[in-house]
Amino acid sequence: NIRTNDSTYKTVSGNINHIAIAFVPKADKFAITVGLLPYTNINYTFVQNFNTPETGAYRYGYEGKGSLYNVFAGGAYKIKSRINELDNFSIGLNLGYIFGKLSYQKLITFPDSVAAYSTRNLTTLNASSFSYTAGIQYRRRIYHNSDIKDERTDIYFIAGAYAGGGVKMNAKINNYWDRLQTNVNTGALEAIDTINAVYNQKTKLNMPVTVGGGVMFGNERFWMVGADFKYANWSSYTSPLDNDQLKDSWRISAGFQITPKYDDVRKYFGRIQYRLGGYYGKSEMQYNGNQLYEAGGTIGLGFPFKLTPSTGTLMNITADIGTRSVNNVPNAITEAYYRLTFGFVLNDAGWFFKRKFD
């Protein structure tokens, strides 16, 4: 829901968040992953109506659509401590390829004058680039009660950090201006001539560097609490389509999860994962020199399902309620969003094991 002082706008949309497959060729030592995830999605339509004594009624229309995707492959390696085998470091690297197409349209029309010429600007951007993300993680058991043989009583500390981005993305731009006139029979706008056109212009997009880090305490078989921080220097981003100066963005998030009894086969509700979280941050976008903020809360459930003795499935459902706007700025747009996410984790414990009998 998008709201201003004198109008509101509602829309519903959906997309695939990500698809990923992970393999563990060597248990507790090395893992690889491949996947596909959206890098960015654009889908908007805005209309502004004006009326002046000099020109009469006229209308501005803005439209954007398209997506960029990132297909990636990566690996991670665990390094165990020689002093304490329960302490370990993990290092990882993802390499990807970003590709896709974005389209933008700006249109000015005169609804009260059939004979007036309308003007349209169409811009398409085809982008492609390699990408990378590198990370490191440290894990340590900080509490263990040897008198109780229950793994849920162990408490672990995990800290991690990652960095990526900063690449120069290759792009080709098509940009042209044309004039349109209303067809008196159908009422549709039809192109009359092209004022200016540029095709397959090669350019570069300087993408921001993204860094982040987080900490977690607890035990995933009982309870976990954690927080993370993400930062991107969008002020260094450059593009031939850039109309506004972007700001550096950041977000801090925190969450909690509890599983009352992960191994209780008699009580299903005890094996459900219950989650609660929240976040706050500043967007790279700004309005009249003021940076947009974003805040929200999440609630989630993880439903386990046992398929066979060697496989298992976890279905995750998450509800996200948030808002995006500018503080203390008259006539600013305020957006309230409600996001529902469904996720499936499929596990097969029988891969990469050598069997004596088939």
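Visitor: Why is Arg120 called buried?
Guide: Buried means under 20% relative accessible area, exposed over 50%, and partly exposed in between, with a 1.4 Å probe and protein chains only. Arg120 has 18% relative accessibility, so Arg120 counts as buried. This is a predicted model, in which local features need pLDDT of at least 70 and side-chain atom pairs count only at pLDDT 80 or more, while totals for chains, interfaces and linings use all residues. Residues are numbered from 1 along each chain as its sequence is written, and side-chain values use heavy atoms, with hydrogens and water left out.

Visitor: What makes Asp178 and Arg120 a salt bridge?
Guide: A salt bridge needs a side-chain nitrogen of Lys or Arg within 4 Å of a carboxyl oxygen of Asp or Glu. For Asp178 and Arg120, the closest N and O atoms are 2.7 Å apart. Asp178 is in strand 9 and Arg120 in strand 7, so the bridge ties together parts that are 58 residues apart in sequence. Strands are DSSP runs (E, at least two residues), numbered from the N terminus. Asp178 is buried as well, at 3% relative accessibility.

Visitor: How do you know that Asp154 and Arg141 form a salt bridge?
Guide: Their closest N and O atoms are 3.6 Å apart. Asp154 lies in the loop between strand 7 and strand 8 (155-165), and Arg141 lies in strand 7, so parts 13 residues apart in sequence are tied together. Asp154 has a relative accessible area of 6% and is buried. Arg141, at 24%, counts as partly exposed.

Visitor: How many salt bridges are there in the structure?
Guide: There are seven. One of them joins Arg324 and Glu294, with the closest N and O atoms 2.8 Å apart. Arg324 sits in strand 16 (residues 311-325) and Glu294 in strand 15 (residues 290-308), so this pair ties together parts 30 residues apart in sequence. Arg324 is partly exposed at 21%, and Glu294 is buried at 14%.

Visitor: What makes Arg251, Glu294, Arg324 and Glu335 one network?
Guide: Their salt bridges share partners.

Visitor: What joins the side chains of Tyr337 and Glu294?
Guide: A polar contact of 2.8 Å. The term covers a pair of N or O atoms within 3.5 Å; within protein, one must be able to donate a hydrogen and the other to accept it, and residues adjacent in sequence count only if both atoms are side-chain atoms. A polar contact of 2.8 Å also joins the side chains of Tyr337 and Tyr279. Tyr337 belongs to strand 17 (residues 334-348) and counts as buried at 8% relative accessibility.

Visitor: Which residues touch the most other members of the largest nonpolar core?
Guide: Leu68, Leu125, Met169, Leu205 and Met207, out of 16 residues. Such a core is a set of buried Ala, Val, Leu, Ile, Met, Phe, Trp, Tyr and Cys residues joined through side-chain atoms within 4.5 Å. Strand 9 gives the most to this core, with three residues.

Visitor: Is Ile16 buried or exposed?
Guide: Exposed, because its relative accessible area is 57%. Ile16 lies in the loop between strand 2 (8-9) and strand 3 (19-26).

Key
Helices (H or I, at least four residues) and strands (E, at least two) are DSSP runs, numbered from the N terminus.
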